[in-house]
Amino acid sequence: MKKKIRLFSVAAAFMGMVLLAGCNSGQEANGGENTERVAVVLKTLSSPYWKYVEAGAKAAGKELGIDVTVVGPNSESEVMQQVNMIEDQLSQSPGALVVSPTQPDTVVPVLEGANVPVLLIDTDADLKNKTSFIGTENYEAGYEGGKLLASMLQKGDKAAIVSGALGNTATDERVKGAKAALKEAGIEVVAEQPADSDKTKAMSVMENILQKNNDIKGVFAANDDMALGVLRAVEAKGLDVKVIGTDGTLEAVESILAGKLAGTIAQSPYDMGYEGVKNALAAIKGKKVEKRMKSPVEVITKENAQEKLEFLKKIVE
Amino acid sequence: MSQVAVQTKNEAVEKNRAFKRIISKFGPLIGLILLTAVLTILSPKFLTINNVMNIARQSSINALLAIGMLLPILTAGIDLSVGSLLALSIMMMGIVTVNMGMHPLLGILVCLSVGAAFGWLNGILLTKLRLPHPFISTLGTMNIARGIALIVTGAAPIAGFPYMIQFLGREFVGPIPVSFLLVIVVYVFFHIFLTRTQTGRYIYAIGGNPEAARLSGINIDRVLIIVYTISGFMAGLAGLVMVGRVNSAFPLAGLSYELDAIAAVIIGGASFLGGVGTVWGTLIGALIIAVLRNGLNLLNVSADFQMTVIGAVIIAAVFVDVLRQRKSKKA
């Protein structure tokens, strides 16, 4: 019996320790008592892209002297966990909420009930009470990508497009933009296939495309992971094909520096996080915030890749 | 030994047994209370009506899956397919009601029957095709159902469900979420089913001692098919609640939910060897997981750390159980 009591107390003590440890790690970001608090709920914190958003949000909090909490599920597939996290942040009555919805429709019911300003970043949702949406103009990003690819090819050359998952509005818009630019430049798009934003899938999709069209000179991929997958398929065949991606991830920029990937259209995840928090504070203070804010895109090629790489490395430190 | 000494010793043994019974019956509950106490001290927002209702709502989907999962585990089996069945059920409901514009009641019927039908299939695969273990049959249907859920709309989500479908997951009675009231009703029903009906007692018997169950003339196949059908049905019901919460259906819904459901059942004191486990223990198991997640969220603990904690709790809960059984065997 004594043993049992001891066991229970050990278990209880363990739980206590675990929770205290967790508590401490959570309080790091806490500023003073009376500062404004902005809660940021992202799609996940486990990929480089979202780390940049997190870094931007935290930097804004530091500069503006407000308390910023950034949370997100383990992966982008944990949709319900994100909804729960939004609920749990709302129950702590933050001054404002910044959200990047994984599945736009799923956050609408919980966010409609929010009685604080809600700002969306990266991905928009059909939410009546949103204060603002800050994100990349995906059509424009795709258009820039198409233009960049066309500038590396000759008029009349053949090109392929690798798109994201069906129904992914962000990648769909990019593909539309890229197609428009390629058409204007007189490049013929001979194949368009989805690879669900996944590197491995993009590789096999590209292998299939090359089976039929081995005279392709360029590829536009709707994100960088797919671009890198496409690149592998192209390299395996020993072909000279220009591949353009979208996002501007560290891996893509490194590949550009190594002379493999031809270029990418970089989004500004760091800025999205930063602007999200900054405008959330403005909304708390009752200032007018624009309903739609464009987050800039940047064309990355071998010329400016080194600079971008240093920036990316710096912000995640 | 004098008679008095024997008597006091017997009394001590009696007392010890009573203590053990209490621990074994209320162990998970004590854990939940301890956890609540610790979180109340750490976060001032934890024990507020608003947050308690959040927990009730957040626990309801897993609670519904877990009570379905309890049945296969009681028969020394497992159902890995429930997360995928949830996804397939709600996608089919979305197609029927949103895309085809049919009556919401028909959609609800489709949602529940898709779950039940696949559950029944799990039972048939196990008993008629004689696949060696439900781990295999349900692993198969887990992938089949997820695949179909992705195929039916080409992986696109479906949003904008009629109010009748959203009701369960969305509405409140006073401050109490309807989804949690549903959980209570379902759990009372399962308690009666498992303790007061013949089939319920057979389920325990099959898990406790399959050979004896067979010899006493129980139609094991029939009971197992019922068990897996119910588990599948509960996946459909949990899906209905989820759609109400988020007003949308998406093919990756319920990804790895089977593991949370199994964890709830095990933390609630059920044995993987079958025959041991209660309805109320399962509810407490589901609440412990929800309270942990919610509490760690309130403390802004990262999601990665939460996984670690929940893993540790599962091991700790089962370890306490193992120790208890070892001791009671000695006694």
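Colleague: Helices (H or I, at least four residues) and strands (E, at least two) are DSSP runs, numbered from the N terminus. How many helices and strands are there in chain A?

Modeller: Chain A has 11 helices and 12 strands. Please note that this is a predicted model, in which local features need pLDDT of at least 70 and side-chain atom pairs count only at pLDDT 80 or more, while totals for chains, interfaces and linings use all residues; side-chain values use heavy atoms, leaving out hydrogens and water. Residues are numbered from 1 along each chain as its sequence is written, chains are lettered from A, and ligands are numbered from 1, in the order in which they are written.

Colleague: What share of chain A counts as buried?

Modeller: Of its 317 residues, 55% count as buried, meaning under 20% relative accessible area; exposed means over 50%, and partly exposed lies in between (1.4 Å probe, protein chains only).

Colleague: What part of the contacts comes from residues 24 or more positions apart?

Modeller: Such pairs account for 70% of the contacts in chain A with a separation of 6 or more. A contact means heavy atoms within 4.5 Å.

Colleague: Which element gives the most to the lining of the largest pocket?

Modeller: That is α6(A), with five residues. At least two residues each come from α2 (48–64), β5 (130–136), α6 (169–184), α8 (224–237) and α9 (250–257) of chain A. By class, the lining has 18 nonpolar, 15 polar and 17 charged residues. Ala, Val, Leu, Ile, Met, Phe, Trp, Tyr, Cys and Pro count as nonpolar, Asp, Glu, Lys and Arg as charged, and the others, Gly among them, as polar.

Colleague: You listed A:S197. Where is A:S197 found?

Modeller: A:S197 is in the loop between β7 and α7 (199–212) of chain A. A:S197 is partly exposed, because its relative accessible area is 25%. Its phi is positive, about 60 degrees, although A:S197 is not a glycine. Most residues other than glycine have a negative phi.

Colleague: What is phi for A:S93?

Modeller: It is near 35 degrees, also a positive value in a residue other than glycine. A:S93 is in the loop between α3 (79–90) and β3 (96–99) of chain A.

Colleague: Let us turn to strands. In what sense do β6(A) and β7 pair?

Modeller: β6(A) and β7 (residues 188–194) pair in the parallel sense over six bridges; two strands pair if DSSP finds at least two bridges between them. A:V162 has A:Q193 in β7(A) as its bridge partner. Strand β6 (residues 158–163) is mostly covered, with five of its six residues buried.

Colleague: Why does A:R292 count as partly exposed?

Modeller: Because its relative accessibility is 31%. A:R292 lies in β11 (residues 292–295), and A:F133 stands opposite A:R292. Four bridges join β5(A) to β11(A), which run parallel.

Colleague: One last residue. Is A:M80 buried or exposed?

Modeller: A:M80 counts as buried, because its relative accessibility is 4%. A:M80 is in helix α3 of chain A. Leaving aside neighbours within four places in sequence, A:M80 is in contact with B:I61, B:M242, B:R245, B:V246 and B:Y257.
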